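Thank you all for coming; I would like to walk through one model this morning, going from one region to the next. Please keep the sequence and the structure in view while I speak.

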Amino acid sequence: MAKQEYKIAPSILSADFARLGEEVDNVIKSGADIVHFDVMDNHYVPNLTIGPLVCEALRKHGVEAPIDVHLMVKPVDRIIPDFAKAGASYITFHPEASEHIDRTLQLIRNEGCKAGLVFNPATPLDYLDYVLDKLDMILIMSVNPGFGGQSFIPSALQKLRQARKIIDDSGLDIRLEIDGGVKVDNIREIAEAGADTFVAGSAVFGARKAEDPNDYDSVIRAFRDELAKAG
Ligand code: DX5
Ligand code: ZN
C-alpha cells in the first residue's frame, strides 16, 4: 500500500455540533481527507444522530471534501436518494439492515455515489462473495456501532488482513476503512493489517484545546507520522 494512499476520516460524531461547519473546516484545513458522517436511527443502533439536512448544510457551508455517510439505520433504501441529493460522496450500510443487499448497492451507485458495506465485529466477510464488483469501500467496525469513544476490538486486525487479501486478489479499486477506537498509538498496527482509510472521532475532536479550539494540526500530524512508519 503506497503511503500517500492513506486517508484520514474524522468522525464528526465527536465534533462540537453547535459549531459543526467550523469544526469540519478546521479538520480539513489541518490535513484530514474525508468527513465521516455517522447516521444513527435509535432502531438499528441505540442512538440518534444526524440526517440528510445536516449533510446538505455542510455542502452549503462550502465543505468540498468527500463526505462518507455511514448509515446505521434500518431499513436503508428509503433514505439513500436523500443523502445522494444532500451531497454524500460515499454511502455505506450494514448488510443486516438491508433485505436485498445487492439491490441497495446498485441503488447507491445509480444515485451517483460510491457504495460500501460495513461489517460489525461479529459479522463474517461472507457477504462479500457475490457483490465485490459493486463495492467502492469495505468498512470494518472495530467497535460495536452506536457510540464514539469505545475501545478498539483487536479481532478487527485479523478481519482487516482477510479483507485486504480479498481486495488485492480481486484487483478491484476498493478502499478498506476501519472505524472505532482508532488512536495515534494503534493506527500504525491497523495500517499494517491492511487498512487504508482511518475513521477517528474522539481521538481527533477530543484533541481540541481550550486555548485554541481551531487547531487540529498536531493530532493529524501525529497520525501521519505514525502512518509513515507503517511497513
Ligand atoms: C460508531 C461510529 C464511529 C465512531 C468512532 O458507531 O461508527 O464512527 O464515531 O468514534 P471513535 O473514533 O471515538 O471510536
Ligand atoms: Zn462510523
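Predicted model: local features only at pLDDT ≥ 70, side-chain atom pairs only at ≥ 80, totals over all residues.

Glutamate 226 is buried, with a relative accessible area of 18%, where buried means under 20% relative accessible area, exposed means over 50%, and partly exposed lies in between, with a 1.4 Å probe and protein chains only. Glutamate 226 sits in helix 8, residues 217-229; helices here are DSSP runs of H or I with at least four residues, strands are runs of E with at least two, and both are numbered from the N terminus. Leaving out residues up to four places away in sequence, glutamate 226 touches Val184, Ile187 and Arg188, contact being heavy atoms within 4.5 Å.

Residues are numbered from 1 along each chain as its sequence is written, chains are lettered from A and ligands numbered from 1 in the order in which they are written, and side-chain values use heavy atoms, with hydrogens and water left out.

Let me turn to strand 7. How many of the residues of strand 7 are buried? The count is 5 of the 5, residues 175-179, so this strand is largely enclosed by the rest of the structure. Arg175, Glu177 and Asp179 lie on one side and Leu176 and Ile178 on the other, and both faces are covered.

Strand 6, residues 137-141, pairs with strand 7 in the parallel sense over 5 bridges, pairing being called when DSSP finds at least two bridges between two strands. Methionine 141 is found opposite aspartate 179 of strand 7. Strand 8, residues 197-200, also runs parallel to strand 7, joined to it by 3 bridges, and there valine 199 is the bridge partner of aspartate 179. The path from strand 7 to strand 8 goes through helix 6, residues 187-192, as a right-handed β-α-β crossover, which is to say that, with the strands pointing away from the viewer, the path from the first strand over the helix to the second runs clockwise. Strand 6, helix 5 (residues 155-170) and strand 7 likewise form a right-handed β-α-β unit.

Aspartate 179 brings us to the ligand. Which residues come nearest to ligand 1? Of the 20 around it, they are Asp38, Gly149, Asp179, Gly201 and Ser202, a residue being near if one of its heavy atoms lies within 4 Å. An oxygen atom of ligand 1 is 2.7 Å from an N or O atom in the side chain of aspartate 179, and an oxygen atom of the ligand is 2.5 Å from an N or O atom in the side chain of serine 202. Taken alone, ligand 1 exposes 380 Å², and the protein buries 100% of that, by the Shrake-Rupley method with a 1.4 Å probe.

Finally, histidine 70 belongs to strand 3, residues 67-72, and is buried at a relative accessible area of 0%. Its side chain makes a polar contact of 3.1 Å with that of aspartate 38, a polar contact being a pair of N or O atoms within 3.5 Å where, within protein, one must be able to donate a hydrogen and the other to accept it, and residues adjacent in sequence count only if both atoms are side-chain atoms. Beyond four places in sequence, the contacts of histidine 70 include Met141 and Asp179.
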